[in-house]
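Q: Could you walk me through the charged side chains in this one? I'd like the cut-offs spelled out as we go.

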Amino acid sequence: MAIRPELLDELLKECENPEELLGQNGLIKELTKGLVERMLHAEMTDHLGYEKHATEGHHSGNSRNGTSPKKLKTEHGEMPLEIPRDRNGSFNPKIVSKGQTRFDGFDDKILSMYARGMTTREIRGHLEEMYGVDVSASFISDVTDVVLDEVKTWQARPLDAIYPILYLDALVVKVRTDGSIRNQAVYLALGVNLEGEKELLGLWMSPNEGAKFWLQVLTELKNRGLQDIFIACVDGLTGFPDALETVFPHAQVQLCIVHMVRNSLKYVTWKERKAVAADLKMIYQATTLDQAGLALEAFCQTWDDKYPTIGRAWRRDWDQLTPFFEYPDDIRKVIYTTNAIESINRSFRKILKNRGAFPSEQAVFKLMYLALQNIAKKWTMPIRNWKAALNRFAIMFEGRLP
């Protein structure tokens, strides 16, 4: 409904600065209060069936009985209202129902601040400073707890039958358990669907990252409808390929090259790290698998005397480090790194860093789920060169694409 310009001009005539318009006691708040109270009186008229002071109300069995004060928390601050009453006590307004303490939009502000990593104390201070509203820590907890049912529904939702690429990783959080603070591993599974779009398939928690728990995660994904994975991009966790093969025997394991390089450089002195990294780059940026093999041999001849563990690790994992060579150059990087899921991890860590420790596992899932709603807004485009990758998958995994 359009508001007449003349009415807006009349309302703004007395406002000399933004504070008088948008402040805690500004025009917007007063206008909202006036409109809400007018609607409440209109609801009372509809409830009673006659206008105020109308003769139809005589001996009708019910009538107006003054008002009751009520304070409502809104996105413009705390708003005092006068709620009309009837003598029979049967009036239950819709716009501000009995027991309601806050207006639509107020909870959304709290959820938005919480999802961006603000602590309960910071949210309380912000609401007090900006809107003059004093809320308790338990109030904020109650507001954010409303998403817990959403988390359960999201975690159990059915999945697509095929995700050509699945990235698997974990990050560590601190959780208070039995009176002490312990590290817990949060497992993440990021799928790329047939449209090339990213989708976080779920979150799980365990005291530490291990192949045995990953087996449970993969089994749950299968139970939720996931039937096939073409390539699983993982770090070098011992036993993980075996866990994957147990649930998805046809999936191709691609160990993350970035993780492998990082682990290799742990053994190298700072002075020689740049040279070793450059020689490792010659391996994974080779044009063909044969050239990569020659580059590995050259690397070992150069560095085995000083750092024998590096060459030994690359040789041991060679079959799971090199599947990406079967693909064109423009889609190799999508396959040989877990950059996609590490980007999510970075976003999560920015939000998690403000908290020393979480009071419970539920609190971790609540925050990460809310944060994911903001992270996923950036996933507006499919993975680059996805059509070329999908065509390649159709040839290499013949009969497995619908």
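A: A salt bridge here is a side-chain nitrogen of Lys or Arg within 4 Å of a carboxyl oxygen of Asp or Glu. This is a predicted model, in which local features need pLDDT of at least 70 and side-chain atom pairs count only at pLDDT 80 or more, while totals for chains, interfaces and linings use all residues. Residues are numbered from 1 along each chain as its sequence is written, and side-chain values use heavy atoms, with hydrogens and water left out.

Q: How many salt bridges does the structure hold?
A: The structure holds 7 salt bridges, and one of them joins the side chains of K306 and E272 at 2.5 Å, N to O. That pair links distant parts of the chain, 34 residues apart, with K306 in the loop between helix 12 (289-303) and helix 13 (308-316) and E272 in the loop between helix 10 and helix 11; helices (H or I, at least four residues) are DSSP runs numbered from the N terminus.

Q: Is E272 buried or exposed?
A: E272 is buried, with a relative accessible area of 18%, whereas K306 counts as exposed at 53%. Buried means under 20% relative accessible area, exposed over 50%, and partly exposed in between (1.4 Å probe, protein chains only).

Q: And what does E272 touch?
A: Leaving out residues up to four places away in sequence, E272 touches W303, K306 and Y307, where contact means heavy atoms within 4.5 Å.

Q: Which residues are linked in a network of salt bridges?
A: The network links E297, D304 and R315. Within it, the side chains of E297 and R315 meet at 3.8 Å, N to O, and because E297 lies in helix 12 and R315 in helix 13, the pair ties together parts 18 residues apart in sequence. E297 is partly exposed at 38% relative accessible area, and R315 is partly exposed at 40%.

Q: Switching topic, which residues form the positive surface patch?
A: The patch is formed by R346, R349, K350, K353 and K378. Patches are made of residues with over 30% relative accessible area and no salt bridge, like charges being joined within 9 Å; Lys and Arg count as positive, and the place of a charge is taken as NZ of Lys or CZ of Arg.

Q: Where is K350 found?
A: K350 is found in helix 16 (residues 339-352), and at 60% relative accessibility K350 counts as exposed.

Note on methods:
Patches are made of residues with over 30% relative accessible area and no salt bridge: like charges are joined within 9 Å, nonpolar side chains (Val, Leu, Ile, Met, Phe, Trp, Tyr) within 5 Å. Accessible areas come from the Shrake-Rupley method with a 1.4 Å probe; for residues, only the protein chains shown count as cover. Helices (H or I, at least four residues) and strands (E, at least two) are DSSP runs, numbered from the N terminus.
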